Amino acid sequence: MSQIGPILRIEEVVKKFGEVPALDHCSFDIERGSITGLIGPNGAGKTTLFNLITGVLQPDTGHVYFKGEDITGKKPHEIARKGVGRTYQIIRVFPGMTLLENLIVVGKGKESRVIERAMELLDLVKLVDKKEDYASELSFGQQKLLSLAQVLMLDAELILLDEPAAGINPTLQNELMTLIHQLNSQGKTFMIVEHDMNVIMSHCGHAIALNYGQKIAEGTCKEIQDNETLLEHYFGK
Amino acid sequence: MNRLIEGGILIWLGLAILVAFLIAIPYFASDYWITLFILVFIFAVYASGWNLFSGLTGYTNFGLAWFIGVSGYVSSLLIADYGFFWLLAWPIGAVFTSIISIGVGHILLRIKGVYFAISMVALTEGTRELFGTKYFAPITHGGLGVPFVAGIQLPTLYWAILALAFCTVIICYKVFSSKYGLRLMTIREDEQGAETLGIHTTREKITAFILSAFLVGLAGSIHFTYQNYIDPSFAFNINLTLTPIVMTLFGGIGTVFGPLIGAILFTFIHEILWAEVTQLYMAVFGAILMGLILFFPQGLLGWMKEKGILPKNRKL
C-alpha cells in the first residue's frame, strides 16, 4: 500500500434511503496526519458518511479508498483491522464488561503484551483506577474516553470521532481535545463530526461542510468561516 | 501469597475428593441413585452447552431440543439398524449435528432477538413433524419410534456421561476465561460496536453455536441410549429445550458453574417434591421458580457474586 497520497479518498459516493439521498455524489480526500472537521446541519449525511467508511453501510455507487486500497463493500471488522477506528454518537462500549476487558477484547497478539498495552491506554485516558469496574458504572464522559481508548487499542491510523465533545463537561472536553492533539502529533489522522463550531475552529486544521448529502464547502477553518454559502446554510443568515 | 496457595491446594483437594466420590458412586449406590445422577449430568451438559452459546452471545437458543433430537436420532439409528457400537455411534451423531449446525448457523444467526428464538423453535417443530412423516419413515421409522438395546451397562453409561459433564465444565471454564469468551460477550453487549472494533462476530458466534451443538448433541446421544428408545415427539420435545434454560437461569446465566449447579438443584428439588407432594408438585415447583426469578434474577451464582460471597470473576 502506498505511503504517499491521501489516507482516505471518498469518490463520488451516493447513498439513498428510499428516494432520499443521504449522500449525493460526495468526494473528498483526507490527508495523512490531519485533523479534519466534518460539519453540517442535522441530516446532512455526516454519520451516514462514517457508516459508509467503516463498512456498516454500503454505498449505492462510488468508492472509498483507505491508503490507496479500495475498501468499498468490505465488512466492518475487516476495515477496522486495516486501521480505521471510530467512536459513535451514542456510546457503544461494552457495559457488562470491565474496563480492562473492554480493551483486551479488541487487542490482537500475545496476551501479556495486550494487557500491558491496555493498561497503558487506561493510564492515558486516566481510568486506570477503575480498570476492574464495569463500563456501565462510568459517567458519560468517561465512557467516551474508554471508547477512544478502544479505538487506540485497535491501533487505528484513521480515527473517526462522532461528536466527541457533546455532553461532557468542559474539563473533560479539554482533556479529550489535548489527547487528540497528542495522538495527532504521533501521526494519527482524525476526522471529527461536531456541532460545536468552537471545537472545530480551535482544533481542526481543515473542515468539510455537508448539506443534503452534498459537499458544499471545503478548506481551512478560516476559509470555511468566511464562506458565504455555508453561512447561509448553516447559520441561516 | 502463602494463604492463597494453601487456599488453592484446598480447593484442588476438595475437587479431587469430589471427583473420586462421583467416580465411585456405581460401586455403592443403588440403581435409583445412579439413574438420578445420569439424568443430572445429561441435563448439566444440556444447560452448560446452552449457556456456552446463549449465555455469552445473548442469542437465546430455543432450539436446544433440535441438537438433542438430531444427534439422538443419528446415533440411535446407527445402533438400532446398522449395529454400530455405542461408543462410535455417539460421536458420529454429535459430529453430524455440528456439521448441519454450520449451515443452520449461517442462515439463522443473521436473525436477532426474539426472531432467532422463534426460528429455532420452528426448526425443531418442523424437524419433529418431518421425522414422523411417511417420507422419512424408511430412515426414521416414522412416528412409531425406534426401540433398541445398545448393550451398555448402567455403570458404564454413568461413567460416560460423568466424563462428558466433566469435559463440558472444563471447556466452559476455558472459554469463559479466554479472549474468545470475551469476544463472544461483545456480541451480547453490542454486536455492531464489536464489528467496528475489528471483531469478526459472524465467525465467533457460529463457532460457539457449533461447539454448543457438539456438546449438547453428544449428551443427547447418550440420553436416548440410556432410554433405549427414540421417537419424534420424544426427541424434539420442547421440554428438552425449556428445562436446561430454566436450570441455567436457576444457577446463573453467563457463569461457568451456574448451569451445573442449576441442573443439580433443579433435579433434586424436582425429585423431593415429586416424592413428598406428588399431587401438588407442579404447583409448588412453579411457585419456587417464580420466587427465584423474582428475587434472584441473575441466578444463584450471579446473586452470590453480587453480594460479594463469591468474587466477581469470569472463572466462576
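In the predicted model, chain B contains 14 helices and 2 strands. Its radius of gyration is 20 Å, close to the 20 Å that the globule rule gives for 316 residues, so chain B is as compact as a globular protein of that length. Along the principal axes, the C-alpha atoms of chain B fill a box of roughly 65 × 55 × 40 Å. Of the 316 residues in chain B, 44% are buried. Among contacts in chain B with a separation of 6 or more, 76% link residues 24 or more positions apart.

One helix pair of chain B was examined in detail. Helix 3 spans residues 64-82 of chain B, and helix 9 spans residues 201-227. Their axes come within 7 Å and cross at roughly 50°. An angle of this kind makes helix 3 of chain B oblique to helix 9 of chain B. The crossing is right-handed. On the helix 3 side, the contact includes L64(B), F67(B), I68(B), V70(B) and I79(B). Helix 3 of chain B also brings G69(B), S71(B), G72(B), S75(B) and S76(B) to this contact. The helix 9 side includes A213(B), V216(B), L218(B) and F224(B). Also in contact from helix 9 of chain B are G217(B), G220(B), S221(B), H223(B) and T225(B). By class, the residues of this contact divide into 9 nonpolar, 10 polar and no charged.

The contact between the chains takes 18 residues from chain A and 15 residues from chain B. On the side of chain A that touches chain B, helix 2 (76-82) and helix 3 (99-104) of chain A each supply at least two residues. Helix 2 of chain A gives the most, with 4 residues. The residues of this side of chain A divide into 10 nonpolar, 4 polar and 4 charged.

N237(B) is found between helix 10 (232-235) and helix 11 (239-251) of chain B. This residue has 17 C-beta neighbours inside 10 Å. A residue counts as buried at 20 or more such neighbours and as exposed at 12 or fewer, so N237(B), with 17, counts as partly exposed. N237(B) and M304(B) are 67 residues apart along the chain, and their C-alpha atoms are separated by 33 Å.

Methods: Residues numbered from 1 in each chain as written. Chains lettered and ligands numbered in written order. Predicted model: local features only at pLDDT ≥ 70, side-chain atom pairs only at ≥ 80, totals over all residues. Rg over C-alpha atoms; globule rule 2.2 N^0.38 Å. Contact = placed C-beta atoms within 7 Å. Axes fitted to C-alpha atoms, helices over the stretch in contact; angles between N-to-C directions. Parallel < 35°, antiparallel > 145°, perpendicular 65-115°, else oblique. Left-handed = near helix turned anticlockwise from the far one by under 90°. Nonpolar A, V, L, I, M, F, W, Y, C, P; charged D, E, K, R; others polar.
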